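Take a look at the model below.

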Amino acid sequence: MSCHCHGKSGVSVTRTSPYDQCTACAKKHIVKAWSLFNEFTYTDDNRDTISGQLRLAADHLMYGHRETALLARDLAVQIEENRDKEIGTGWETLLESVRKAFNADYPERAARLQELEKETS
């Protein structure tokens, strides 16, 4: 399913490509993969969906955020090869990296989150 995101320009689009460089789209795919990984990691269908989401995220990051794209791709390979014991801090590193890129691209969203955190503390 296409993201139909607004991207950095703020202009709504009717079609996006996996190769559109967008940290919002990438973050969405990574968070979905991470959520699925914390569910039923032992089923082939679930693992295929997780690795697919990570590869979609890598597509959205590969030109603008190459290092984060490589983290996503490498994690997808580990999941495809059932090498979960080697993941270590892979998820944490990837999530931190995509959040950093997302917050840099959308500082107003990060500022709103900081305000929410202040309100609840």
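Start at Ile 50. Leaving aside neighbours within four places in sequence, Ile 50 is in contact with Ala 33, Leu 36, Phe 37, Ile 79 and Trp 91. This is a predicted model, so keep that in mind throughout. Ile 50 is found in helix H2, which covers residues 44-61. How accessible is Ile 50? Its relative accessibility is 0%. Buried means under 20%, so Ile 50 counts as buried. Ser 35 gives a distance to check: it lies 15 residues from Ile 50 along the chain, and their C-alpha atoms are separated by 8.8 Å.

Now step back to the whole chain. It holds 5 helices and 0 strands. From the N terminus on, the order is α-α-α-α-α. The chain has 121 residues, and 34% of them count as buried. The chain exposes about 7800 Å². Carbon and sulfur atoms supply 52% of that area.

H4 has 16 residues and reaches 23 Å from its first C-alpha to its last. That is close to the 22 Å expected at 1.5 Å a residue. Which residues of H4 are buried? They are Trp 91, Leu 94, Leu 95, Ser 97, Val 98, Ala 101, Phe 102 and Asp 105. Seen down the axis of H4, these buried residues fall within an arc of 165°, so they line one face of the helix. What do they pack against? Their partners are helix H1 (23-37), H2, H3 and helix H5 (107-120). The face of H4 turned away from the buried side carries exposed residues: Glu 96, Lys 100 and Ala 104.

Is Asn 82 buried or exposed? Exposed means over 50%, and Asn 82 has 54% relative accessibility, so it counts as exposed. Its backbone deserves a check too. Most residues other than glycine have a negative phi. Phi of Asn 82 is near 55°, a positive value in a residue other than glycine.

Ile 50 sits in helix H2 and is buried at 0%.

How values were computed
Residues are numbered from 1 along each chain as its sequence is written. This is a predicted model: local features need pLDDT of at least 70, side-chain atom pairs count only at pLDDT 80 or more; totals for chains, interfaces and linings use all residues. Side-chain values use heavy atoms; hydrogens and water are left out. Helices (H or I, at least four residues) and strands (E, at least two) are DSSP runs, numbered from the N terminus. Buried means under 20% relative accessible area, exposed over 50%, partly exposed in between (1.4 Å probe, protein chains only). Accessible areas come from the Shrake-Rupley method with a 1.4 Å probe; for residues, only the protein chains shown count as cover. Contact means heavy atoms within 4.5 Å. The expected span of a helix is 1.5 Å times one less than its number of residues. The arc is that of the directions from the helix axis to the C-beta atoms.
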